[in-house]
Each structure stands twice: as C-alpha cells, then as structure tokens.
Amino acid sequence: MDFSYPPAVEQFREELRTWLAANLTDEVVAANRRRGRDPGAFELLRTWDAAAADAGWGAVSWPAEYGGRGATPLEQLVYAEETTRARAPLPLNVIGMNNIAPAIMQYGTEQQKRDLLPRMVRADDIWCQGMSEPDAGSDLASLRTRAVREGDHFVVNGQKIWTSLGHRADWCQLYVRTDAEAPKHKGISCLIVDMGLPGIEARPLVTLNGASDFAEVFFHDVRVPVGSLLGPLNGGWAVATTTLSHERAGAARLYAQLQVQLGDLVGDLSRVRYAQRPALEEPSVLRRLGELSVRIDCLETLCKRAVSEAVHGGDALGSASLAKSVWGEAGQHLASLAFDLLGPQCTDGRWTDQRLASRSLTIAGGTTQINKGVTATRILGLPRA
C-alpha cells in the first residue's frame, strides 16, 4: 500500500489547518453537540456550512463548477483527518453531499445540477433521502411506496421511515416503485421531491439519546412533476447503487473520529482513581484501552487501503465496506468502555449520550450484515448466495 503524501497534498493540509484555526470557533464546536436537540444550534451550524462553502471548504471532492475543489483522493483523506481532529461539524447535508449529490452529478439534468447543488453545499436547502420503509430497510428493492404516472405528474403514495432530517428537509431524493409487474430491482425510479408539496407529512422520531435527527414521512396523493425524475424511468436501482458506493467510499474519516474519541476517554480517565490509584495505572483498564487502540489502528489501515485502491484504480468498495463494519463495532465498544469505566462520573452526560447513540452505528449508512456480504464477495471472492 503506497501512502506517501506529495508536497501539493501537504500544502493542501496546511491551507486547511490555517483556515480552520481562523474560523472554527468553540461556539460552533459546542453547537455540534446539540444539533439534534436545539433549533438554535441547528441554525448556527447552517451558518457555518455557508461560511465553509463560500471559502471553498464545503465539498472539496466536488468539481469546481458545483462549488468544490476537485480534490484528489489523498486530499480528501487529509480533509477528513484535519476536520475531524479539529472537531469541525459534519455538514448538515452530509447525506445529501456524500450520497445524493454524486447521483445528481451523474444522472441529473444540467438545470438540476445548477439549481440544486450550490444551495445544498451551503445548507440553504436541507436534503433527506427516502429509502428505508417499515418493511424495507436494508432490502431497498422491497420498497412499496408507489408512483403512478398521471399526465405530467407522478402521484406518490406510501411511507418512509428513519429518514435523516426528514422533518427539516426542503428536498428529498425519493425511491418509489413505478412498475409493480417488473422484477423488484427493475421497477424502481428515483424522484427529486419538493418537501413542501401538498400531501407530505413528516413526523420527527426521538431516539434513545433524546435527539430528533430522524423522521417518518408519509406521502398521500402527492403530485410530483415528471421532470423531477432523476435518472431513467425504472432505473432507480442504478441511481441507488451510485449513491451507496459514494457513501461507503466516505469511510476514510472514520478512524480519525475514533482516535479523537479515544483521546477524550484517556483524558477523562486521567482524572479518575480506582482502588486508591489512578485509573490509568490499573492493568485491566490499560489492557482494554490497548485492545481498542489496536482495533482503531487496524481500521486506519483498512481506510487507507480503500483510498490507495481508489488512487491506483482498484476496487475500493470492498475495503470501504469492511471498514464501515469495523468502525461500527469499534465505536460501540468504545462507547461501552467509556460508560463502564466512568459510570456516574460522566457528569456532563457526554459518554452516556454516546453510549445510547452508538447502538445505531452498525445500522446507519449500511447495516453490518449488508457490508459483510460486500466483503464476502468483493474481498474473499465468495459466490453470491
């Protein structure tokens, strides 16, 4: 695995560090911890997204004509490392930018690209993704939300669930069944839907940690213009595959996130005593921290292998999917370890909150079971079932 950084990439790193040092405030970092609970924090983060976009740091991997920098894979890796270590918030439209925007760039009309992408990166518009349904979670091809063409419109009826920011969104990338007679992978289409249309109801869902980042969304006789089709009619499965491949390729930031969290945990433990001696002198504590540190090091190798394969024209999806599985399990382990070791000494509730939120890590962004299937076929070469 060749992973040297050319001078141009290091220059990119230094430019980013300089901008973050001058613009990222403690207020923005604190707002990020309240983003799912505090409307004021959400609006502050929207302002931060606009500032980053205006400075060219909102979507570095995007082409310049859509507000990005056309960053190379190594520059994208550096961006992920530096923003994570600086505790910069993820964009409010992180799903839109990582998943939806690449599909718009590939399948959208020029009008859709010009109208939608610049507003997405600035968080002028908030986006959600209508995939999961009560009976079609990881199995997207089993979705039942219907769209029937009537003249110049599709009439949409159905329900989506666990839709990130569905109750805040201005737009939705919505997957619907447009041919009930076709095989289930071939009768799906993708629509770009204005969430202000009559007949759409979004109900926020409150998760274990008290945040309301998700919603269930209902569509009742919603009339969506035919021109809102993204990609070909009944070709939505290809659009979805493009979307998810970008999502999994974004795994490069994951090891940096866990490194930061592990450092936070060690810092908190430095102020704790067990059996009359510092916690960080307790062999059992050191063993558990050491095991977790090794797992995070392995995750870093997996993520960098995925980036290296992308740089050299290989198949990055297999390594990225495996990295996502390792990240989810390691993140749950870290949250559990922190809660076990600190217990009631978590006075600010940070580790309690993370313990609760961590249950979603092996589901969100692709379930561990699905990612292990990708690993089996792409890395191990096993036959598809």
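User: Is D221 buried, partly exposed or exposed?
Analyst: This is a predicted model in which local features need pLDDT of at least 70, side-chain atom pairs count only at pLDDT 80 or more, and totals for chains, interfaces and linings use all residues. Residues are numbered from 1 along each chain as its sequence is written, and side-chain values use heavy atoms, with hydrogens and water left out. Buried means under 20% relative accessible area, exposed over 50%, and partly exposed in between, with a 1.4 Å probe and protein chains only. D221 has 44% relative accessibility and therefore counts as partly exposed.

User: In which element does D221 lie, and what is its phi?
Analyst: D221 is placed in strand β7 (residues 214-225); strands (E, at least two residues) and helices (H or I, at least four) are DSSP runs numbered from the N terminus. Although D221 is not a glycine, its phi is positive, at about 50 degrees.

User: Where is N234, and how does its accessibility class follow?
Analyst: N234 is not a glycine, yet has a positive phi of about 65 degrees. N234 lies in the loop between β7 and α7 (236-249). Its relative accessibility is 24%, so N234 counts as partly exposed.

User: Is T367 buried or exposed, and which residues does T367 contact beyond its neighbours within four places in sequence?
Analyst: T367 sits in the loop between α11 (350-357) and α12 (368-378). With 13% relative accessibility, T367 counts as buried. Contact means heavy atoms within 4.5 Å, and, leaving aside neighbours within four places in sequence, the partners of T367 are S138 and T362.

User: How are the axes of α1 and α4 oriented to each other?
Analyst: The axes, lines fitted to C-alpha atoms over the stretch in contact, with angles from 0 to 180 degrees between N-to-C directions, come within 10 Å and cross at roughly 30 degrees for α1 (residues 7-23) and α4 (residues 73-85). Angles under 35 degrees count as roughly parallel, over 145 as roughly antiparallel, 65 to 115 as roughly perpendicular and the rest as oblique. The two helices, α1 and α4, are therefore roughly parallel.
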